[in-house]
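Please walk me through this structure. Start with the domains, then go on to one helix, the chain contact and the core.

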Amino acid sequence: MNVNNILEIFYVLMGVIMIFASVESFRDKDNSARIGTGLFWLILGLIFAIGKYLPSFVIGLLIIVIGLLSLFKQIKVGKIKEVNKELAEKSAKRLGAWLFFPSVILAILSILISEFTNLGGQVGIGIASVVALIIAMIISKTDAKTTYHDSERMVRSVGTAGVLPQLLATLGVIFTASGVGEVTSKAISGVFPPGNHLLGVVLYCVAMVIFTMVMGNAFAAFAVITAGIGVPFVVAQGGNPAVVAAIGMTCGYCGTLMTPMAANFNSLPVALMEMKDNLGVIKQQYPIALILLVIQIALMYFLAF
Amino acid sequence: MEYLKLIGIVIIILGFAFKLDTIAVVVAAALATGLVSGMSFNDVLTILGKGFMDNRMVSLFFLTLPMIGVVESHGMKQAAVNGISKIKKLSAGKVFNIYLLIREVTDAMGIALSGQVQFIRPLINPMAQAAASVKKPLTDKQVDLIKGRAAATDNFGNFFSQNLFIASSGVLLMASTMKSLGHDVAPASIVLYSIPMAIITFIITAYYNTRFDKQFDK
């Protein structure tokens, strides 16, 4: 069995978990958008479970359906049964640090499989996830039914945010097919000639910060700025793509630290703690963010070339 | 008019900046870019569908959710709270730094704590305020500063260590996007090159937090 076939098994498993979420979303009487939400998880579940046997344009069509459901506010997380606090407290006392053990196994085993076998990183994550789940079930003495509900609860609470990264990566495919990178590099190279390594790195890192600040989302900035600037100005000049990606993304996070657009991180705490200064969190963050940006520009320049 | 191809970038920037529905914005950007580049509607759908299938690895983190669900319903967060609340008799800066370390280590293992809600407000903020008010009562302004710094510490730790976990959506997004753009990258090497910034951020933030204590000594 080759790696892609093994990986396909894990995608089918993911599809099954999403279909669990779909069933429970349809059954959630309190959710005003239960039909749309159930459909959303059903479509995703089917794409993962049997998408291999569907023509690509059908999948494209299904993605547009998801877009429309989301546009018309028909996908809602709804009211999800919360963790039973009393039971959780009790078992936290009983199990203590053992509760972190499955996570440690997941992190270490997936790296080990990826580094020391020829199965690759993705299969590594798949195998490690299954092993970690089994360990978690044994440690906590959880039966299949409870595991089912824990799974669907987690998946449903992720909501549409869970599919955003994959959609953004797909956008990268469209950009490549349409030649967006060539156009931006042509436009920018009128002002900044490509070929100068340092200039390319500065341009990419600063653009990641600025665009993340405007959009409030580093993942979205990564998809467009890496296609438009990162690849033509740094990677195409001989820059190591892993270095460029890793540090480019954290440059985006520096933007997140400095923008009120990233409400989850910078406004939520203001509201939670009833702070008087609306920008109080950002004021604590921007000096460090700027220092880290300078360090990252230097680091990318020296590590990538 | 090849600059029309940049319409997707414009849609993404404006759509996110104006807080429109994110999923719809991304789908619209993909459609618009393909259509103005001379593809037929059918072609765009085919590329969209194939691109989505080729990028399924980005969503692999879904596979980790059942395990996290099980440990969560058995009190993983309560266990973390119990552990942290044992720290006593420290300065505000040290409280922040111990939390920073815990945040980075748990992040690297893929344990996503909702830091601001579950730790900063109910635990770290009151602990830091108690520690800082030992010598002198705090002014309103100082209380606000402590809250801001507590929230900031969570963000520093969270952002710069989450890419140490190989199955995090960030790492998978980077690997898959680079592949889409024609440059194959292994997730493990992204983790490797994320290590320096995690360490540097820890050192700089820890120093920044140590200096934070000085204002409460006067």
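Chain A is divided into domain 1 (3–71), domain 2 (85–142) and domain 3 (163–304). These bounds come from an automatic or database domain assignment. The C-alpha centres of domain 2 of chain A and domain 3 of chain A lie 32 Å apart.

This is a predicted model, in which local features need pLDDT of at least 70, side-chain atom pairs count only at pLDDT 80 or more, and totals for chains, interfaces and linings use all residues. Residues are numbered from 1 along each chain as its sequence is written, while chains are lettered from A and ligands numbered from 1 in the order in which they are written.

Turn to helix 4 (residues 85–95) of chain A. Helices (H or I, at least four residues) are DSSP runs, numbered from the N terminus. Which residues of helix 4 of chain A are buried? They are Ala88(A), Ser91(A) and Ala92(A). A buried residue has 20 or more other C-beta atoms within 10 Å of its own, an exposed one 12 or fewer, with C-beta atoms placed from the backbone. The three cover an arc of only 110° around the axis, so they sit on the same side of helix 4 of chain A. That arc is taken from the directions from the helix axis to the C-beta atoms. Glu86(A) and Lys93(A) are exposed on the other side. The cover over the buried residues includes helix 6 (120–140) of chain A, plus helix 4 (65–73) and helix 5 (76–84) of chain B. Just after helix 4 of chain A, Gly96(A) takes a positive phi of about 55°.

Now the contact between the chains. It takes 123 residues from chain A and 107 residues from chain B. Two residues are in contact if their C-beta atoms, placed from the backbone, lie within 7 Å. On the side of chain B that touches chain A, helix 10 (residues 187–212) of chain B gives the most, with 13 residues.

One residue to look at is Ile9(B), in helix 1 (residues 7–17) of chain B. Why does Ile9(B) count as buried? Because Ile9(B) has 22 C-beta neighbours inside 10 Å. Not counting residues up to four places away in sequence, Ile9(B) touches Val224(A) and Gly228(A).

Last, the largest nonpolar core. A nonpolar core is a set of buried Ala, Val, Leu, Ile, Met, Phe, Trp, Tyr and Cys residues joined through C-beta atoms within 7 Å. The largest has 168 residues; Leu168(A), Tyr204(A), Val26(B), Ala128(B) and Ile190(B) touch the most other members. Helix 11 (residues 218–235) of chain A gives the most to this core, with 14 residues.

Technical notes: Helix = DSSP H or I, 4+ residues; strand = E, 2+ residues; numbered from the N terminus.
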